[in-house]
Every structure is written in C-alpha cells, then in structure tokens.
Amino acid sequence: MSEEQTKAKVRARTDEGLASRMAAVEILYRVDQESAYADVLLGGRLPDFAPADRRLITRLVLGTLAWQRRLDFELPHLTGRKLAGIQPEALAIMRMGLFQLRFLDRIPQHAVVDTAVSLAKRIPAARKASGFVNAVMRRATRETAPMPARESNEKSYLALAYSHPRWMVERFVDWFGVENAERMMTANNDAAPNVIRLNLARGSRAEIIEKLTEDGFEIGTPGRAPETIVLSGAPHFESRAYREGLFHAQSEASQMVVRMLAPRAGATVVDCAAAPGGKATHLAEMVGERGRVIAVDLNFNGLKNARDLSRRLRHRNLEFVCADLAVSLPLAPSSVEYVLLDAPCTGLGTLREHPEIKWRLKPTDSARMAAIQSQMLDHASALVRPGGTIVYSVCSIALEEGESVVDGFLAGHADFAIDHGLVGRDEFKDVLDARGFMKTRPDLGGLDGFFAARLIRR
C-alpha cells in the first residue's frame, strides 16, 4: 500500500470518528440555542450511525446536558470569560469536551483535546475560535476549578455537585431528605437502562427473544412482567424484529402503569392522553383482538405517531380521537369499564432521558400542571361506569402532581376510592406505599420516577 493510500485510510477513519461527535455537537447547539428536545434530535440522527456510534452520541449529548451546571461553573475559570460572550458552537464543543475529561474515563485526554480542536476547525462559525478551544481544553487537562465548601451552603453545594437547579434540590431534600436526594440526583445523571416491551400478540416470550438474539440483540435481565426485557446493549431499530413489530422501546415504569390498570381480555379501554402510543398499544395487546382501545389526545401529530406505532405492532383494535380532555368530554359518560389517564406533567421523573428539562422547568410548573391534571382527571373519571376502574399516572415525582391531585379528586368525588387490590402482586410489592399508590424513582431499582393510583368507582 502506498503512503498516499495509507494517509487516505487514516483520514477516512478520522472523518468517521469525527462524524459522530459532530452530530453530538450539532444536537447540543440546537438544544441550547433553539430550545429543541434532545430525544427528538437523537431519534432523527442516530439511524445514520452504527450501534457503537449511537451509544457514544447518546452518552455525549445526554451526559453533557445532565452535567451542564457543573460544566458551566468550571468553564468561566478555564476560559477567563463569561459564557454569554463565547461563540455558541465553540461553547457546545467545550462543554462536550469538558464532560468527557471530567466524567468519562475511556477516552484519552489528548484525544479529547485533539477532537475538540478538529470539530472547531470543521464548523465554519467556530473556526476562528479553534485556537481558543485548544487553549481551554489543554488547560482543562491540567487544572480544575475548586468547588465551594459544602458547610457554607449545603443546598447550593448539592446543586453544583450534582448539577441540578437549586430550587429543584430544595424540593428533593424537602420530599426525600438529604441522603435520598443525593442518591436520586446521582441516578438522574446516569444513563437510563435500555428497556423494551415484547409484543406478545406476535408470539411467546421465548419465541420473540430467540428472534431478537438472531438479530444481534444483547438480552440482559428480565423485567417484572413477562413482556419486559432489560437489554445489555442498545435496541436495533434497523432490525427485522423491529420492522415486524416484535417489540417497542418503553421504560419499565411506563409499562407498569398499564399493568396497574390490568384490563380484562375483550374489554373496552379509553387511553385519555395516548400520544405517542406506547401505553395505548400495550393496552391493545392486553385486551386482545376482541377488545378495543380508544386513544384520545389533543396532539394530532402525536396521534399520527400512535397510529403508525399500532400499524408496526400490527394491532387492529385501536381507534383514535383528537380532543382536549381538559376542556370537554369526547365520549359518553359512564360508558367505559377501564380508563387510563397518563397525564401531561413536568417530567421530573425522566431527567435521565430528558436532562435539558432540568434547565427549563420553573418552580411554579408543578402547581401549574397540577391544575391541568385535575381538570383532566375530572373529565376522564366521568367516563368510568359504576364498578369500573381508572388509573391516574404521571412521570413526575412532584407531590403536587401525584397524590395531591388524587386527594383533591377524592375529596370531590365520593363515588371513587383507592383500589388496594394490587398489594399482593409481586411486580408491585416494593413500589406501593401504605395508601396503595405506586411510586418509583431512578435510584430505587433503576425505574423512571412515576406516580400512579388505581381508583375504582363504587
């Protein structure tokens, strides 16, 4: 092989390695400058890359966003400037580089520095800042900004050490105590497990796992339910198993909400906030071909996604209704045996998958969402016939959005009561509190933070 051919191969490998990091920087820039959502952008870019690159891109994006407060505390020390005066693409590059230096140990420091400079040179808007990026990244390999003393202001220290807004730290400490709050914030900054739900309408658990294995899936541990699998690696969305609708990527806590409703086979169920369709299709599998799921949501595009998902999973027992449940009742009252309301919320229980919302939420958002959730629960409950069941859930650990909404509802609806019938079921035994509410947290078994209550109409 000639010298030129050797150089060409090296350049090709370098370009391939930079492409994944370039994608990560572009996503970070758009999240920061355009208020875009990381998971949506990742979903659009990851299919262009090999599985190993997908894992790297996801970790770089979500990790940098999760640790942004800590990174932004140190960068002014390293740059000698206020961050607002730094070119935005160059800032995204340095944040990502500093994240790798401080929180990842598999990438050599010199490689992080060289990559950061190469990225700056290849991004037109950041090209003039490449020398500055080089100096800052090299300095970051030699020194760190000193952390403030914990004793002087504990909550401010925790907010910086675990990279959460101070007001959020105050809430977590008030709700769970300092020790539990620290554990939970640590878990919030970790990568979430890759969990899938097997579509048991397409075959047995063993049959589907065999096909997944043939497609290169790394099967890890079983979940709490027969349809739940925790993968050791990432799911393959280009696989035959995906195209044939044998599985859907869905967190275990989200699956447990549907298991909590536990509709009987052949029943009619209304999913009152159904987009993007994970729970609606899970319900469709549970009620079977003779059952029916009516998926209601205000978001028309979200309902289209739910319809597309139902088609991929080959469920033909779903109907879709575009309506605002916070405003009016789209179906006849007292007409349904089972209702699910997984209400829109702050998402405080899903910070591992959506770290950018830490920096966008306000202290008043939980109370604002609780008012909407209460209206929706009022309307959704009117659909339940006597003897029927409704599950109210949110992917939030905020007390205002969970038990406070349920308590307010029960105070005004004497015909409803908490159903304690799940207490003896193994899959719920460690997540139900004394009142029968399901409460999960990422530091307790790796589950997303959910609240759910199963209510029966007398």
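## Burial along strand β3

A residue is called buried when its relative accessible area is under 20%. In this predicted model, that description applies to T228, V230, I229 and L231 of strand β3 (residues 228-231), where T228 and V230 point one way while I229 and L231 point the other way.

Strand β3 has a pairing partner in β1 (residues 194-198), with four bridges in the antiparallel sense, and within this pairing N194 stands opposite L231. Strand β2 (residues 219-222) also runs antiparallel to β3, to which three bridges join it, and the bridge partner of T221 in β3 is V230. Five residues lie between β2 and β3, and the two strands form a hairpin.

## Confidence of the model

The protein chain has a mean pLDDT of 94, with 96% of its residues reaching 70 or more. Over residues 5-14, however, the pLDDT is below 50, and this stretch has two contacts in the model beyond near neighbours in sequence. Where pLDDT is low, the predicted coordinates should not be read in detail.

## Nonpolar cores

The largest nonpolar core comprises 49 residues, and those with the most contacts inside it are I57, V61, L75, I93, M94, V133 and M137. At least two residues of this core come from each of α1 (3-34), α2 (38-45), α3 (51-66), α4 (68-79), α5 (88-103), α6 (109-122) and α7 (130-142), and α5 gives the most, with nine residues. When residues up to four places away in sequence are not counted, I57 touches S20, A23, A24, L42, L46 and F49.

Which residues of helix α9 (residues 166-176) are buried? They are W167, M168, V169, F172, V173 and F176, and the elements that cover them include α8 (154-161) and α10 (178-188). An α-helix has 3.6 residues a turn, so residues three or four places apart point the same way. Just after α9, G177 takes a positive phi of about 90°.

One of the buried residues of α9, F176, also has a charged neighbour, for R441 lies over the face of its ring at 4.5 Å from the ring centre.

Ring pairs link F217, F237, Y242 and F247 into a cluster, and the model has eleven aromatic pairs when ring centres within 6.5 Å are taken as the criterion. A pair of aromatic rings is described by the distance of the centres and the angle of the planes. Y242, a member of the cluster, has the charged end of R312 over its ring, at 3.8 Å from the centre.

## The loop position G349

G349 is placed in the loop between β8 (336-342) and α16 (365-381). Is this glycine buried or exposed? G349 is counted as buried because its relative accessible area is 3%, where the cut-off for burial is under 20%.

Leaving aside neighbours within four places in sequence, G349 is in contact with C395, S396, I397, D448 and G449. G349 and R441 are 92 residues apart in sequence, yet their C-alpha atoms are 6.9 Å apart in space; R441 is the residue that lies over the face of F176.

Conventions: Residues numbered from 1 in each chain as written. Predicted model: local features only at pLDDT ≥ 70, side-chain atom pairs only at ≥ 80, totals over all residues. Heavy atoms only, no water. Core = buried A, V, L, I, M, F, W, Y, C linked by side-chain atoms within 4.5 Å. Buried < 20%, exposed > 50% of the residue type's maximum accessible area, 1.4 Å probe, protein only. Contact = heavy atoms within 4.5 Å. Pairing = 2+ DSSP bridges. pLDDT = per-residue confidence, 0-100. Phe/Tyr/Trp six-rings, centres within 6.5 Å; stacked < 30°, edge-to-face > 60°. Lys NZ or Arg CZ within 6 Å of the ring centre and 35° of its normal.
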